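Trainee: I have a structure to go through and would like to talk it over. Can we start with the terms and then move on to the strands?

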Amino acid sequence: MKKAVLELALANARVSKAGLVSAGLRLRLDSLLFPHAEWTDFAVVVLQWWVVAALHLLRGEQQAVEVRFMEGPFLVTIDARSEQTWSLKLVEAGRQADVKAEATIEALPFIRSILSASDAVLALCRERRWWSSDAETLARSLAQLKSICQ
């Protein structure tokens with residue numbers, strides 16, 4: 001089984017005039033960084049998508065989900081093989097779908113990385129007074145995910 005971690009890099013985080021928080025956000029699958037090592041995205045919004053996807057899988061509402069990165073044609077499909085095991089497919093969805101990697105992972109460590117990244121971006125939003133309706137939505141969803149995982 002491979003190790004998957006959703007990584008958040010806050011060193012160059014910034015907020016747009018519209019209140020969208022940009023930060024480094026990537027999925028590490030062993031040594032592969034997807035979409036790439038320097039990827040930045042709207043972290044609060046995209047992390048909300050990851051949290052909701054995990055909730056759907058853990059509640060059994062869906063067997064498979066797709067999570068997109070906002071700033072490009074990149075997505076991850078997640079198939080719940082069991083409660084403990086998920087299958088990931090990392091895809092660049094340009095004119096043709098190009099599967100960059102596939103792996104079977106342990107669900108709980110990956111979910112913990114989603115929780116950790118979400119907590120970190122919300123702490124940054126509080127600290128820098130970047131709180132928004134998107135941050136509020138992420139905080140509510142995150143609380144639901146934590147209640148299932150703990």
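Mentor: Buried means under 20% relative accessible area, and exposed means over 50%, with partly exposed in between. Keep in mind that this is a predicted model.

Trainee: Fine. Is Cys125 buried or exposed?
Mentor: Cys125 has a relative accessible area of 1%, so under the 20% cut-off it counts as buried.

Trainee: And where does Cys149 fall?
Mentor: Cys149 is at 23% relative accessibility, so it is partly exposed.

Trainee: How many disulfides turn up?
Mentor: Zero, with the whole structure searched.

Trainee: Changing topic: how many residues of strand 2 are buried?
Mentor: Eight of its nine residues, 21-29, are buried, so strand 2 is largely enclosed by the rest of the structure.

Trainee: What does strand 1 do next to it?
Mentor: Strand 1, residues 4-15, runs antiparallel to strand 2, and eight bridges join them. Leu8 sits opposite Leu25 of strand 2. The two strands make a hairpin with five residues between them, and Gly19 in that turn has a positive phi of about 90°.

Trainee: What about strand 3?
Mentor: Strand 3, residues 32-34, pairs with strand 2 over three bridges, in the antiparallel sense. Leu29 is opposite Leu32 there. This hairpin has two residues between the strands, and Asp30 takes a positive phi near 55°.

Trainee: And how many bridges join strand 2 to strand 4?
Mentor: Three, with strand 4 at residues 40-42 and the two strands antiparallel. Ala23 stands opposite Asp41 of strand 4.

Terms used. Residues are numbered from 1 along each chain as its sequence is written. This is a predicted model: local features need pLDDT of at least 70, side-chain atom pairs count only at pLDDT 80 or more; totals for chains, interfaces and linings use all residues. Side-chain values use heavy atoms; hydrogens and water are left out. Buried means under 20% relative accessible area, exposed over 50%, partly exposed in between (1.4 Å probe, protein chains only). Helices (H or I, at least four residues) and strands (E, at least two) are DSSP runs, numbered from the N terminus. Two strands pair if DSSP finds at least two bridges between them. A disulfide is a pair of cysteine sulfur atoms within 2.5 Å.
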